[in-house]
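Here's a quick tour of a protein model for you. Have a look at the picture before reading on.

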Amino acid sequence: MKKTTLLCVVCLGFFSALKAQNPTENLKLDTSKFQVQELTIDGKTIKVRAFENRMYVSNPVDTAYQKMNIYIPEAYFNNQTVNGYTAQTAPIFFPNKVGGYMPAKPATTKDNPMGMRPPINGEMPTMGNRPPEGLPPMRERMPSKPLTVVAALARGYVVASPGARGRTLKDQNGNFTGKAPAGIVDLKAAVRYLKFNDAVMPGDANKIISNGTSAGGAMSTLLGATGDAVDYEPFLKAIGAAKASDAIFAVSAYCPITNLEHADMAYEWQFDGINTYKKGGPFAKKDAQPQELTTDQIKVSQALKVLFPDYLNGLQLKDKKGVVLSLDKSGNGNFKTLVQSYVMASAQKALDSGVDLSEFPFVKVAQLKVVGIDYEAYVKFIGRQKTPPAFDALDLSSPETQLFGTATIDNQHFTAFSKANSTVTATTADDQLIKMMNPMHYIGVSGVATSKHWRIRHGSNDKDTGLAISIMLATLLENNNVQVDLALPWQKPHSGDYDLDELFQWIDGICK
Ligand code: DHB
């Protein structure tokens with residue numbers, strides 16, 4: 001070894017020893033560095049300070065993703081109020097852009113105008129990009145809507161949007177760096193960063209409200225369910241997260257793709273018997289043709305469907321009157337009635353807002369009241385999108401099998417069923433990691449902080465996961481004395497942020 005090299009190694013050692021002594025020293029938010037941005041929404045201009053690309057861990061694995069954008073209304077630096085909030089009381093809205101369990105960059109105030117969430121298969125193509133072959137132009141696939149970040153700022157919230165690692169990420173050596181639980185660990189580290197910096201920035205870090213859609217909605221539910229859970233501690237330590245709590249105040253989740261190890265059975269409990277499917281999602285071909293399940297797939301559907309009652313019954317969930325929710329062997333029972341009641345409530349809300357329900361013959365209306373639902377006809381109407389097993393694909397082709405890979409294995413099974421019935425040579429994910437990706441395992445567990453306020457929206461036309469997933473989650477929370485506002489907005493497909501005014505009203509309601 002040359003002398004100079006030796007010197008460098010000694011220096012490096014010295015500096016990393018220093019860093020190890022005080023690993024979170026570099027996690028102080030430098031408030032002297034920012035850009036002023038003028039943003040326009042609804043004809044109104046607002047001024048904000050933008051603190052962009054701030055690394056939220058002191059020992060990053062991926063410097064492109066483990067960073068956060070923080071936007072703060074300028075008013076809070078001038079002792080002014082916005083929407084009744086002050087620099088001390090403003091909630092911190094915490095939207096993630098995670099989609100498809102992919103890596104996600106932090107949201108900005110200038111994201112593409114078609115919504116902030118990238119599609120399932122990866123990053124949103126830039127406006128100038130041609131759509132992948134066979135796909136319609138972006139404009140037709142994603143409706144225009146106001147930018148969530150800008151709308152939240154106009155409402156007086158501080159906005160902090162974290163990036164996070166995801167299932168396809170690799171380091172220079174070709175090792176995977178974003179497999180479970182990397183994404184949720186990153187988001188927790190970002191929460192810790194905000195708490196660590198609470199005193200130096202406007203916004204109340206005790207009022208963090210997470211927001212996300214689909215896989216991002218799942219992340220949002222995990223943040224709310226696993227506050228300060230010790231399971232994540234070694235992972236947070238490894239990336240040099242700030243020493244602070246990672247419990248959050250409130251959860252907003254749209255169509256969370258969660259409870260993955262039970263999602264296959266929940267999907268078949270809902271869709272078994274529907275043997276035609278049409279691939280969907282933002283990157284599905286517009287002219288995707290309906291296809292038929294094979295005989296083998298139909299057998300898989302039936303085998304999964306009968307597993308669901310045992311899982312549901314084991315949860316010992318209770319309805320609002322304290323009656324235990326259950327299903328018999330054929331999948332019928334008061335839990336199914338509960339699911340139907342959520343669909344009926346959705347239809348009633350639509351009816352009350354003037355929607356003509358006569359085009360939905362499966363809804364029974366009498367004297368302006370929704371009095372019943374032909375559930376089987378409703379399920380047929382929304383239709384099947386995925387082949388069984390919907391999440392732990394037997395040939396490891398699904399995004400979730402890639403989420404559960406390791407540093408060196410891209411895809412793994414994560415259910416006993418798919419392991420036993422795999423059509424390829426495959427390994428299985430570690431039980432502890434599967435647990436750490438599922439909020440259901442942490443709710444009501446002592447020593448874990450659960451958010452007090454939850455708002456879950458799962459469109460009544462969503463077929464990316466079963467309705468039971470959001471309903472079981474909400475019921476488990478309610479059974480643990482948590483306030484949950486769950487609704488299945490009428491006719492909404494798999495999507496999010498479509499009702500920002502209502503979302504913000506809910507936030508104001510819990511924060512003021
Ligand atoms: C998403 C959608 C899916 O159908 C899925 O299986 C996982 C993630 C998403 O849109 O994020």
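Which residues have the most contacts inside the largest nonpolar core? They are Ile 70, Phe 308, Phe 335 and Met 472, in a core of 140 residues. Keep in mind that this is a predicted model, where local features need pLDDT of at least 70, side-chain atom pairs count only at pLDDT 80 or more, and totals for chains, interfaces and linings use all residues. Residues are numbered from 1 along each chain as its sequence is written, and side-chain values use heavy atoms, with hydrogens and water left out.

**The core**

- A nonpolar core here is a set of buried Ala, Val, Leu, Ile, Met, Phe, Trp, Tyr and Cys residues joined through side-chain atoms within 4.5 Å.
- Buried means under 20% relative accessible area, exposed means over 50%, and partly exposed is in between (1.4 Å probe, protein chains only).
- Helix H15 (residues 467–479) gives the most to this core, with nine residues.
- Helices (H or I, at least four residues) and strands (E, at least two) are DSSP runs, numbered from the N terminus.
- In soluble globular proteins, nonpolar side chains tend to be buried together.
- Leaving aside neighbours within four places in sequence, Phe 335 is in contact (heavy atoms within 4.5 Å) with several residues, including Trp 269, Phe 308, Ile 471 and Met 472.

**Helix H10**

- Helix H10 runs over residues 334–352, so 19 residues, and its first and last C-alpha atoms are 26 Å apart, close to the 27 Å expected at 1.5 Å a residue (the expected span is 1.5 Å times one less than the number of residues).
- Phe 335 turns up again here as one of the buried residues of H10, and among the others are Lys 336, Gln 340, Tyr 342 and Leu 351.
- Just after H10, Gly 354 takes a positive phi of about 100 degrees.

- Most residues other than glycine have a negative phi, and most peptide bonds are trans.
- Asp 42 has a positive phi, near 50 degrees, and is found in the loop between strand S1 (35–41) and strand S2 (44–55).
- Asp 42 counts as exposed because its relative accessibility is 79%.
- Gln 316 also has a positive phi, near 55 degrees, and lies in the loop between helix H9 (308–315) and H10.
- Gln 316 counts as partly exposed, at 49% relative accessibility.
- A cis peptide bond, with omega about 10 degrees, joins Ala 180 and Pro 181; Pro 181 is in the loop between strand S5 (158–162) and helix H4 (182–196).
- Another cis bond goes from Pro 388 to Pro 389, with omega near -10 degrees, and Pro 389 lies in the loop between helix H11 (375–382) and helix H12 (399–403).

**Two loop residues to look up**

- Gln 66 is in the loop between S2 and strand S3 (67–73), and it counts as buried because its relative accessibility is 0%.
- A polar atom of the Gln 66 side chain lies 2.9 Å from the backbone nitrogen of Asp 62.
- Ser 422 sits in the loop between helix H13 (416–420) and helix H14 (431–436), and counts as partly exposed at 23% relative accessibility.
- The C-alpha atoms of Ser 422 and Leu 394 are separated by 4.6 Å, though these residues are 28 residues apart along the chain.
- The side chains of Ser 422 and His 413 make a polar contact of 2.8 Å (a pair of N or O atoms within 3.5 Å; within protein, one must be able to donate a hydrogen and the other to accept it, and residues adjacent in sequence count only if both atoms are side-chain atoms).
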